[in-house]
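Colleague: I would like a close look at one part of this model. Please keep the account plain.

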Amino acid sequence: MDLDGSEQDPEVQEHSPVYVGREEDIKKSERMTAVVHDREVVIFYHKEEYHAMDIRCYHSGGPLHLGEIEDFDGRPCIVCPWHKYKITLATGEGLYQSINPRDPSAKPKWCSKGVKQRIHKVTVDNGSIYVTLSNEPFKCDSDFYATGDFKVIRSPFR
């Protein structure tokens, strides 16, 4: 029994906002990493917007915090430094270029693989940055690298 009211339901706690840093710091560096409820995330500041996602690429666990941000088809994406997979900052979709091999005049077009990278909510309050983990019920490919032996940032509490 919780007499002092300090113990929270684990699911509610997992989806509560966590302070990750100061707004002025992320604006200078344009990215930061953090552990939010034992999940590693990378937070980007790009074109005056904040984005957060799992730190490891959905494809092979590449370190997205070391990737470059580029625009593809008008969508800002993080490019995984390992295999150059392109992931939209806003939605976590994997993008690829497709072409019709039967049409010699066809031009490549950008297509979506669907949401592959779990994205998380970023809020700013009085100069402080908070991340709230996604509570979307679907299984996301990046979930595999967000747990277990693949973690790159170790929580000091474990």
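Colleague: Where does D38 lie?

Modeller: D38 lies in the loop between β2 and β3. The model is predicted, so local features need pLDDT of at least 70 and side-chain atom pairs count only at pLDDT 80 or more, while totals for chains, interfaces and linings use all residues. Residues are numbered from 1 along each chain as its sequence is written, and side-chain values use heavy atoms, with hydrogens and water left out.

The phi of D38 is positive, about 70°, although D38 is not a glycine. Most residues other than glycine have a negative phi. D38 is partly exposed, with a relative accessible area of 26% (buried is under 20%, exposed over 50%, partly exposed in between, with a 1.4 Å probe and protein chains only). K84 also has a positive phi, of about 65°, without being a glycine; its place is in the loop between β6 (75-79) and β7 (86-88). Strands here are DSSP runs of E, at least two residues, and helices are runs of H or I, at least four, both numbered from the N terminus.

V20 touches both V36 and I43 (a contact means heavy atoms within 4.5 Å).

Definitions and conventions
Lists of a residue's contacts leave out its neighbours within four places in sequence.
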